[in-house]
Amino acid sequence: MRVRVLVIRNARSGTSRRRSQVDKLVTRLESGGASVELASPASPADARATAAQARRAQHDVLLAAGGDGTLSVVVNGLIQTPKAERPA
């Protein structure tokens, strides 16, 4: 069974070097056998909603790629999700 990973990134956060690091992370996860979806929500509200829906969308793992603001938004999205429905 392939692990399904959702990476939520703030496309406006950081430099092109940081974006390149996220792309390398995705490549590495995929080469390890994971199925990876990369999401670049347009707003903090969209990022919260994406995080909240991660488990319902059958993702096993959720990663936040960005700064402290991205992490905060993703965590807040998870808090809105019932504990049994949260991805790892």
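## Ala-51 and its contacts

Ala-51 touches Ile-8, Leu-62, Val-74, Gly-77, Leu-78 and Thr-81, leaving out residues up to four places away in sequence. Contact here means heavy atoms within 4.5 Å. This is a predicted model, in which local features need pLDDT of at least 70 and side-chain atom pairs count only at pLDDT 80 or more, while totals for chains, interfaces and linings use all residues. Residues are numbered from 1 along each chain as its sequence is written, and side-chain values use heavy atoms, without hydrogens and water.

Ala-51 sits in helix α2. Its relative accessibility is 1%, so Ala-51 counts as buried. The cut-offs are under 20% relative accessible area for buried, over 50% for exposed, and partly exposed in between, with a 1.4 Å probe and protein chains only. Ile-8, one of the residues touched by Ala-51, is 43 residues from Ala-51 in sequence. In space, the C-alpha atoms of Ala-51 and Ile-8 are 7.7 Å apart.

## The chain as a whole

The chain has three helices and three strands. Along the sequence they follow the pattern β-α-β-α-β-α. Helices (H or I, at least four residues) and strands (E, at least two) are DSSP runs, numbered from the N terminus.

The chain holds 88 residues, and 30% of them count as buried. Take the contacts between residues at least 6 apart in sequence: 77% of these join residues at least 24 apart.

## Strand β1: Val-7

Val-7 belongs to strand β1. Its relative accessibility is 0%, so Val-7 is buried. Setting aside neighbours within four places in sequence, Val-7 is in contact with Val-22, Val-26, Val-36, Glu-37, Leu-38, Ala-39, Leu-63 and Ala-65.

One of these partners is Ala-65. Val-7 and Ala-65 are 58 residues apart in sequence. Their C-alpha atoms are 6.8 Å apart in space.

## Helix α2

Three alanines, Ala-47, Ala-51 and Ala-52, are the buried residues of α2. Seen down the helix axis, they fall within an arc of 135°, so they line one face of α2. The arc is that of the directions from the helix axis to the C-beta atoms. These buried residues pack against β1, β3 and α3.

Ala-49 is also in α2. At 32% relative accessibility, Ala-49 counts as partly exposed. Ala-49 and Gly-77 lie 28 residues apart in sequence, with 6.1 Å between their C-alpha atoms.

## Helix α3

Helix α3 has twelve residues, 68-79. At 1.5 Å a residue it should span 16 Å, and its end C-alpha atoms are 16 Å apart, which agrees. The expected span is 1.5 Å times one less than the number of residues.

Thr-70, Val-73, Val-74, Gly-77 and Leu-78 are the buried residues named in α3. Down the axis of α3, the buried residues fall within an arc of 140°, so they line one face of the helix. Their cover includes β1 (4-9), α2 (44-52) and β3 (61-65). The face turned away from the buried side carries the exposed residues Asp-68 and Ile-79.

## The loop between α2 and β3

Gln-58 lies in the loop between α2 and β3. Gln-58 is not a glycine, yet it has a positive phi of about 70°. Its relative accessible area is 52%, so Gln-58 is exposed.

His-59 is placed in the loop between α2 and β3 too. At 4% relative accessibility, His-59 counts as buried. The C-alpha atoms of His-59 and Val-36 are separated by 9.0 Å, and the two residues are 23 apart along the chain.

## The largest pocket

The largest pocket holds about 180 Å³ of space. A pocket is an open set of points on a 1 Å grid over the protein atoms alone, where a 1.4 Å probe fits, with protein on both sides within 12 Å along at least five of seven lines; lining residues have an atom within 4 Å of a point. The volume is the space filled by probe spheres set on the points, which are joined across faces, edges and corners.

The lining has 13 residues. Asn-10, Ser-43, Pro-44, Ala-47 and Thr-70 lie nearest the centre of the pocket. The elements giving two or more residues to the lining are β1, α2 and α3. Helix α3 gives the largest share, three residues. The lining divides into seven nonpolar, four polar and two charged residues. Ala, Val, Leu, Ile, Met, Phe, Trp, Tyr, Cys and Pro count as nonpolar, Asp, Glu, Lys and Arg as charged, and the others, Gly among them, as polar.
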